[in-house]
Amino acid sequence: MRKALLIGDRELAALHPITGMETAFGEVLRGLCEVSTADERVYGGLTYPGLRAFDLVIFMPEKWRQTVTKTLVADLVTYVVHGGRLLAVHHGLITDNTPELSLLYAARCQDYAPYGALDYHPVTGSSLAEGLRPIAASDEPYWFDFDVFKQTDVVMELEYGNGRHPALWRHRWGKGRVACMAPGHSTDSVMAFAEPLRRVAGWLLDEGGTPQ
Amino acid sequence: MKKRAFLCGGLGPGFHSLLNGVREELEAIFAEDFELAETGEDYQGKTACDLRRFDCLILYSAPFRGVAGDSDFAASLIDYTVNGGSVLILHFIATGVFDEGAQVFGGRFRMHPPYSRCRIEPAPVCHPILEGIGPFEINDEMHQLFTEEFLDKTILLNCLNDDGSPRARGPLPHQDIYAKNSGVRVPMAWCHEFGLGRVLYSCPGHSAETFRNAEYRRFLARCGKWLIRGL
């Protein structure tokens, strides 16, 4: 069975604790991979060799400025560029002053709005979105600026205001693969996105085993 | 003790070659801090471990044609950089040939106006590289790039309008090629950190003549010191 590592904050988190997320992701990804966690007590000590032991890293820490070191960012980039698979979820996409992660995500969060009922739609033209149904979920809407160089495949879009905004996208980065999911404020939201999440995770995991 | 640098560039005939005097000029400019431990085109087989044997990579219009973002070398170069390596890119921004390289190193070549006389001026920022550096004029190609906007770059040199007045950058995500006529200030050199590493790009350098300009030599020497944490 493949292994995923969920990185997030537990006691430190004010709004987005990973407590409960490990169960939610474990359920959504059942059969694809086993999910273990690294919270703020341990993830600061993660290194590239440690990350390589995992087929997938699910990244959603909340307290960036307190916990994420330059060394960890370097190790994450090293992990991905050599073939690692990264799924960044919700507040894991708020990169603050970490352009390295914005480059990995091919996106930088521009703004967000208060929690509320939202509608998401599969994107015509994305092979991963074929057959997906629209999703109604309560979450915080995020929107992003996208990178000028790295093309990404948008799988789901958020309907908000007068337009639609990418909410789930994926691309290759170096030898690795990256997917980003803007919703994920709560376990309910993660469960609401179970089907697109399983598809994205399947794509993330389908080539090779443990990254070389 | 001098640091070890890998000077990567073409050795063939024609323009942008390390031959024709460029290698000798660069060796002299960086002589105080670097020895050119290796020179040439042999980059393809180098792993990140191989690259880490060098304190600095100097990519002079490096012959990276065909390098793909998922290639071993691209991964090695990014690994080297993000984990504390130093990369100096001169003239043609060869790392822009693959998407991840354009992102990490800050840009992709678009085009350039004809080789001509250009006035270069230090950017109005406080940065140790620029201490004691004044404006200068050179004959060169001022390359226009598509640029990465997510990086926290410090612009070091600009190509100014004919009247010498600095202007605000335009809204487009790339440099404006015809700065002389458009009123747009064009960045010609910048530096940024990437992870634990350091990157510096400087455009002037079409031929050895450029590297003989005294002010530009001083600027490049200070770039070298910054890259090896000597400033």
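Predicted model: local features only at pLDDT ≥ 70, side-chain atom pairs only at ≥ 80, totals over all residues.
Contact means heavy atoms within 4.5 Å. Helices (H or I, at least four residues) and strands (E, at least two) are DSSP runs, numbered from the N terminus. Axes are lines fitted to C-alpha atoms, for helices over the stretch in contact, and angles run from 0 to 180 degrees between N-to-C directions. Residues are numbered from 1 along each chain as its sequence is written, and chains are lettered from A, ligands from 1, in the order in which they are written. Local features need pLDDT of at least 70 and side-chain atom pairs pLDDT 80 or more, while totals for chains, interfaces and linings use all residues; side-chain values use heavy atoms, without hydrogens and water.

The strands of chain A include an open sheet of 9, in the order β2-β1-β3-β4-β11-β10-β9-β6-β7, with mixed pairing. Two strands pair if DSSP finds at least two bridges between them. At the edges stand β2 (33-38) and β7 (135-139) of chain A; each has a single partner strand, so one side of each is left without a neighbour in the sheet. Neighbouring strands are turned by 25° against each other on average, direction ignored. Strands β6 (residues 116-122) and β9 (residues 153-160) of chain A pair in the antiparallel sense over 4 bridges. Pro122(A) has Met156(A) in β9(A) as its bridge partner. Helix α4(A) lies across β3 (56-60), β4 (85-89), β10 (163-173) and β11 (176-181) of chain A, at about 145° to β3(A).

Chain B also has an open sheet of 9 strands, ordered β2-β1-β3-β4-β11-β10-β9-β6-β7, with mixed pairing. Its edges are β2 (34-40) and β7 (136-140) of chain B. Neighbouring strands here are turned by 20° on average, direction ignored. Strands β1 (residues 3-9) and β3 (residues 56-60) of chain B run parallel and are joined by 5 bridges. Phe6(B) stands opposite Leu57(B) in β3(B).

The largest nonpolar core has 111 residues. Such a core is a set of buried Ala, Val, Leu, Ile, Met, Phe, Trp, Tyr and Cys residues joined through side-chain atoms within 4.5 Å. Buried means under 20% relative accessible area, exposed over 50%, partly exposed in between (1.4 Å probe, protein chains only). Tyr105(A), Ile58(B), Phe64(B) and Phe219(B) have the most contacts inside this core. Helix α4 (residues 70-81) of chain A gives the largest share, 8 residues. A second, separate core of 36 residues includes Leu128(A) and Trp203(A).

The contact between the chains takes 25 residues from chain A and 29 residues from chain B. About 2,200 Å² is buried, 64% of it from carbon and sulfur atoms. Buried area is the accessible area (1.4 Å probe) that two parts lose on being put together, summed over both.

The count between chain A and chain B is 3 salt bridges, each a side-chain nitrogen of Lys or Arg within 4 Å of a carboxyl oxygen of Asp or Glu. Glu193(B) and Lys70(A) form a salt bridge, with the closest N and O atoms 2.6 Å apart. This pair crosses from strand β10 (residues 186-194) of chain B to helix α4 of chain A. Glu100(B) and Lys150(A) meet in a salt bridge at 2.8 Å, N to O. Glu100(B) is buried, and so is Lys150(A).
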